[in-house]
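Open the model in your viewer and keep the sequence panel beside it. Each stop below gives you something to select.

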Amino acid sequence: MVAFNDKILEVRANKFRRMYGISDDASIDFEKLLRTLDVLTVYRPLNGDISGMALRTKNSNFMLVNSNNSVGRQHFTIGHELYHLFVQEVFSFQMCKAGKFDKKDREEYNADVFSSYLLMPEVGIIKQIPEAELAWGGKISLATIIKLEQYFGVSRSAILIRLDKIGLLRSDYSKYTKDVKKSAIEHGYTVKLYEATNEASVIGNYGIKAKELFDKEKISESHYLSLMFDIGIDVDNLNVNEDDQEI
């Protein structure tokens, strides 16, 4: 068993990107990646500070993401859970509080570090920063910080922690953790990244399998309807316009 340190986790994160065709300077299309990995992913509002959960079995991988969290934190949670599912050598199940970077729980810390490297690769970050801000005596501007968090789809705190880890924060940036939405709007961005989705949705074959079980009469209609309702789909009251023609 390998005892991961931060450098090994960075290597693993970069290797993971290359393995699935994500360049070292690109942001991640999370839905596309999860479908490629065939991870059944459920977004659902959860109470408390649980960010998500991962479950690995012999034949499948499952992820639960708290949709009460902001979109940026949801993305970080996905990276965190991917560590458990695809990098951690001995794993079956874990309820998680992603983003704590708590060294008391080594694998939870590893998952946070891996997620940070996976979502925000150093090469990609450097390419987004003006040379004048990278130079000696330069300072990373708020405009650049917002551009980075929007590009990589992460929270303000996540990008600040990553920039600090790289050694690019040369002064106190705590003031930038305040009025996050206001600062984004003032720089011409929407606030979608900083807000919760508060909804149930699924990425993967959950609906396909539920319909298959119903069609094969393995489950009752009421059970099928209940399963679909659990992911926010009311089959009995679908509002679909069938008049449109496919091209």
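This is a predicted model: local features need pLDDT of at least 70, side-chain atom pairs count only at pLDDT 80 or more; totals for chains, interfaces and linings use all residues.

Residues are numbered from 1 along each chain as its sequence is written, and side-chain values use heavy atoms, with hydrogens and water left out.

**Stop 1: α1 on α4**

Select residues 6-19, helix α1, and residues 106-119, helix α4. Helices here are DSSP runs (H or I, at least four residues), strands are E runs of at least two, and numbering starts at the N terminus. The two axes lie 8 Å apart, at an angle of about 50°. Axes are lines fitted to C-alpha atoms, for helices over the stretch in contact, and angles run from 0 to 180 degrees between N-to-C directions. That makes α1 oblique to α4. Under 35 degrees counts as roughly parallel, over 145 as roughly antiparallel, 65 to 115 as roughly perpendicular, and the rest as oblique.

Now show side chains. From α1, the contact uses Asp6, Leu9, Glu10, Arg12, Ala13, Phe16 and Arg17. From α4 come Tyr109, Asn110, Val113, Phe114, Tyr117, Leu118 and Leu119. Contact means heavy atoms within 4.5 Å. By class, this contact has nine nonpolar, one polar and four charged residues. Ala, Val, Leu, Ile, Met, Phe, Trp, Tyr, Cys and Pro count as nonpolar; Asp, Glu, Lys and Arg count as charged; the others, Gly among them, are polar.

**Stop 2: α3 on α4**

On the α3 side, pick out His75, Phe76, Gly79, His80, Leu82, Tyr83 and His84. Their partners in α4 include Glu107, Asp112, Phe114 and Ser115. The contact of α3 with α4 divides into seven nonpolar, seven polar and three charged residues.

**Stop 3: ring pairs**

How many aromatic pairs does the structure hold? There are nine. Rings of Phe, Tyr and Trp (its six-membered ring) pair if their centres lie within 6.5 Å; planes under 30 degrees apart are stacked, over 60 edge-to-face, and the rest tilted.

Select Phe16 and Phe114. Their ring centres are 6.0 Å apart and the planes stand at 90°, so the pair is edge-to-face. Phe16 sits in α1 and Phe114 in α4, 98 residues apart in the chain. Both are buried. Buried means under 20% relative accessible area, exposed over 50%, and partly exposed in between (1.4 Å probe, protein chains only).

**Stop 4: the buried side of α7**

Go to helix α7, residues 142-152. Its buried residues are Leu142, Thr144, Ile145, Ile146, Leu148, Glu149 and Phe152. The cover over them includes α2, α4, α5 (122-128), α6 (131-134), α8 and α9. Step just past α7 to Gly153, with a positive phi of about 70°.

**Stop 5: two aspartates**

Asp38 has a positive phi of about 55°, although it is not a glycine. Look for Asp38 in the loop between α2 (30-37) and β1 (39-44). Asp38 is exposed, at 52% relative accessible area.

Finish at Asp179, in the loop between α8 (156-166) and α9 (180-186). Asp179 has a positive phi of about 50° and is exposed at 58%.
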